[in-house]
Amino acid sequence: MTGAGGDPGALALCAAVLCAGAAVWLLAGRDRELRRARVLFAGGGPVEPAGPDPARRLSETAAWLRERWRVRYGGRMGRELLCLPVGCVIALLGASVLPLLGALAAVPAVGRWLRARERGRDRERRAAGVIELCGAVAGELRAGRQPGEALLAVPPGDLGERWGLVSAAARFGGDVPEALRRAARLPGAEGLTGVAACWQVAVDEGAGLAAGLDRVAAALRAERDQRESLRAKLAGPRATAVALAVLPVVGLVMGSALGAEPLRVLLHTPAGLSCLLVGGLLEWAGLAWTARMVRSARGPERPVAHER
């Protein structure tokens with residue numbers, strides 16, 4: 001057995017340490033809630049123990065680490081933590097600590113990928129919300145409402161907290177186009193730039209705001225349909241890339257089922273370690289190259305502006 005191998009007892013100890021760390025991480029929030037409840041029931045008086053409390057200090061340290069993680073990565077650790085039990089299982093099956101180390105290294109990368117997907121979904125929801133906003137405001141204007149009243153009568157949907165600036169400007173006679181341009185800085189809400197231009201033209205030149213909003217909504221729908229068509233065309237190459245990326249895992253499963261012990265060869269022999277390193281690098285390069293081609297095919301997002 002080479003240095004890549006590991007004693008099953010050491011692997012079990014590593015798994016126990018990870019579980020203990022996760023338990024302390026989760027119990028930190030509970031300890032904070034208990035201290036808050038003590039303060040409430042004590043009427044705001046001192047409730048801290050007089051002597052040192054190692055468990056409390058450990059809990060506070062874990063709570064601080066959780067807060068730092070929330071500030072740094074925008075939320076709690078979620079589905080990316082599933083990499084850890086998978087790594088532990090592979091480490092126990094292969095009697096090596098390398099899968100566990102790989103799982104620890106994969107947690108931040110998987111977290112970034114999951115957050116990027118969430119941001120993409122938020123961007124799509126905001127883009128759809130801008131289209132709905134244009135249609136709803138145009139309908140309110142045709143029903144006889146004033147522009148500010150029509151804007152206030154429409155729910156903001158998924159346009160974010162910056163919509164409060166737009167509502168305040170419309171309610172108190174502020175600069176609505178500037179507020180719309182600020183809200184358009186949110187990813188996916190770039191179409192509000194066209195709404196701001198329509199509003200500015202309607203105020204300065206007396207043009208029909210409802211007709212301008214209809215044209216902006218039509219342009220945004222055309223861009224959305226184009227993106228969906230492009231996404232459908234790219235679905236085939238992306239599925240092919242994912243299938244090719246999964247093939248090595250399928251090969252390992254089939255080899256284990258046939259009794260070839262591929263994990264022992266990969267994790268405990270110099271040739272296997274070399275193949276594992278080169279294969280991992282090639283896998284990463286292929287996925288990165290595919291993602292870059294997809295991004296270049298999609299092209300940059302362009303805000304919609306209203307023409308005079």
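This is a predicted model: local features need pLDDT of at least 70, side-chain atom pairs count only at pLDDT 80 or more; totals for chains, interfaces and linings use all residues.
Me: How many residues does helix 4 have, and what span does it reach?
Reply: Helix 4 has 45 residues and spans 66 Å from first C-alpha to last. That is close to the 66 Å expected at 1.5 Å a residue.

Me: What follows helix 4?
Reply: Gly144 follows helix 4, and its phi is positive, near 110°.

Me: Is Ala95 buried, exposed or partly exposed?
Reply: Ala95 is partly exposed, at 22% relative accessibility.

Me: How do helix 3 and helix 4 sit against each other, in distance and angle?
Reply: Their axes come within 8 Å and cross at roughly 165°. Helix 3 is therefore roughly antiparallel to helix 4.

Me: Is that crossing left-handed or right-handed?
Reply: Helix 3 passes helix 4 in a right-handed crossing.

Me: Changing topic to helix 9. Where does it run, and what span does it reach?
Reply: Helix 9 takes in residues 209-257, which is 49 residues. From first C-alpha to last it reaches 68 Å, close to the 72 Å expected at 1.5 Å a residue.

Me: Where in helix 9 is the kink?
Reply: It lies at Ala235, shortly before Pro237, and the angle is about 35°.

Me: Which residues of helix 9 are buried?
Reply: Among them are Leu209, Ala210, Gly212, Leu213, Val216, Ala217 and Leu220. Further along helix 9, the buried residues include Leu234, Ala241, Ala245 and Gly255.

Me: Why would residues three or four places apart point the same way in an α-helix?
Reply: An α-helix has 3.6 residues a turn, so residues at that spacing point the same way.

Me: What comes just after helix 9?
Reply: Gly259 does, with a positive phi of about 85°. Glu261 is in the loop between helix 9 and helix 10, the latter being residues 262-268. Glu261 also has a positive phi, near 55°, and is a residue other than glycine.

Me: Is Glu261 buried, exposed or partly exposed?
Reply: Partly exposed, as Glu261 has a relative accessible area of 45%.

Me: New topic: how many disulfides are there?
Reply: A search of the whole structure finds 0 disulfides.

Me: Last one: where is Val203, and is it buried or exposed?
Reply: Val203 is in helix 8, residues 192-205. Val203 is exposed, with a relative accessible area of 58%.

Me: How far apart are Val203 and Pro147 in sequence and in space?
Reply: They are 56 residues apart in sequence and 9.8 Å apart in space, C-alpha to C-alpha.

Technical notes:
Residues are numbered from 1 along each chain as its sequence is written. Side-chain values use heavy atoms; hydrogens and water are left out. Helices (H or I, at least four residues) and strands (E, at least two) are DSSP runs, numbered from the N terminus. The expected span of a helix is 1.5 Å times one less than its number of residues. The bend at a residue is the angle between axes fitted to the seven residues ending there and the seven starting there. Buried means under 20% relative accessible area, exposed over 50%, partly exposed in between (1.4 Å probe, protein chains only). A disulfide is a pair of cysteine sulfur atoms within 2.5 Å. Axes are lines fitted to C-alpha atoms, for helices over the stretch in contact, and angles run from 0 to 180 degrees between N-to-C directions. Angles under 35 degrees count as roughly parallel, over 145 as roughly antiparallel, 65 to 115 as roughly perpendicular and the rest as oblique. A crossing is left-handed if the near helix is turned anticlockwise from the far one by less than a right angle, and right-handed if clockwise.
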